[in-house]
Amino acid sequence: MPPKRFFADVTFSKDGSPNEVSLTGDEFNHAKNVLRLSAGDEVTLLDGSGTEYSAIIARAEKSRFLLHITGERRSDKEPKSDVYLLVGALKGDKTELVVQKAVELGVSRIGVFSSRYCSAYMNENKLERLNRVSKEAAKQCLRAAAPEIVYFDRFEDALRSAEAYPCKLFACEFAEKSERRMEETCAPAALVVGSEGGFAEEEFALAKQCGFAAMSLGKRILRAETAAIAFLSVALYALGELG
Ligand code: SAH
């Protein structure tokens, strides 16, 4: 069994060697109470920078493990292309599903937005939960970084957050055909997918003003979560990240 993976803050002393790391909170509880790890066990630590650290649990305390780092290496599992997924807030646990699949497929950043026909709501707890799902998915698929999920109350702010992305693609359910060839997707790329209610004409017009190209995902209307996963898959494939 490969060592279990945990996210933790890794700091370095003046000579560049990593300091002892403490594993606390949810990661500690999971390690201790679910995985039953204890002093002497080997683990892999991730600090979100793309580096993986080998570590040994040096000491078990009441509410934390102290770990000693024994080695480090650059992960080869992180995507080379930066792809930003912007998706409308979905009902039930559908946003969680999209986050989980997007992280597995190799997304770099996720924004969840509210829009005119969006009927799901977001709050601090839900956002925290989405970030936990991202971390769990990252660990499960052996990534070394968990994409952060941010929330935009206004659709316009979500669009503006992608300003610096040279390739901006908008999955538009009322587009007859794509304005760009999917095969020509370049990175960094920002992809927009609507919620169950879809987009209003004005929202599409705003996206066009912000430099987004309308993309069709075929003749059928896909459910929002299907559209998000399919769109991301074809874009990442075009960028050489899948296969
Ligand atoms: N309620 C809308 C459908 C929304 S589908 C209606 O009845 O028309 C949810 C989102 O998935 C859309 O906003 C769009 O971003 C994406 N989507 C679904 N099917 C699509 C398609 N064929 N082409 C492009 N985008 C699509």
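Biologist: Which residues form one aromatic cluster?

Modeller: This is a predicted model. In it, one aromatic cluster is formed by Phe 113, Phe 155, Phe 170, Phe 174, Phe 199 and Phe 204.

Biologist: How many aromatic pairs does a search of the whole structure find?

Modeller: The search finds 9 aromatic pairs. In one of them, the ring centres of Phe 12 and Tyr 53 are 6.4 Å apart and the planes are at 50°, so the pair is tilted. Phe 12 lies in the loop between strand 1 and strand 2, and Tyr 53 in strand 4, so the pair ties together parts that are 41 residues apart in sequence.

Biologist: Does one call Phe 12 and Tyr 53 buried or partly exposed?

Modeller: Buried means under 20% relative accessible area. Tyr 53 counts as buried because its relative accessibility is 2%, whereas Phe 12, at 40%, counts as partly exposed. In another pair, Phe 28 and Phe 65 are edge-to-face, with 5.0 Å from centre to centre and 75° between the planes. Both Phe 28 and Phe 65 are buried.

Biologist: In what order do the strands of the open sheet lie?

Modeller: Strands of a sheet pair through backbone hydrogen bonds, either parallel or antiparallel. Here 6 strands form an open sheet in the order 8-7-6-10-9-11, with parallel pairing. Strand 8 and strand 11 are the edge strands, each pairing on one side only.

Biologist: Which helix packs on the sheet?

Modeller: Helix 6 packs on the sheet and touches strand 6, strand 9, strand 10 and strand 11. The direction of helix 6 makes about 160° with that of strand 10.

Technical notes: Residues numbered from 1 in each chain as written. Predicted model: local features only at pLDDT ≥ 70, side-chain atom pairs only at ≥ 80, totals over all residues. Heavy atoms only, no water. Pairing = 2+ DSSP bridges. Helix = DSSP H or I, 4+ residues; strand = E, 2+ residues; numbered from the N terminus. Contact = heavy atoms within 4.5 Å. Axes fitted to C-alpha atoms, helices over the stretch in contact; angles between N-to-C directions. Phe/Tyr/Trp six-rings, centres within 6.5 Å; stacked < 30°, edge-to-face > 60°. Buried < 20%, exposed > 50% of the residue type's maximum accessible area, 1.4 Å probe, protein only.
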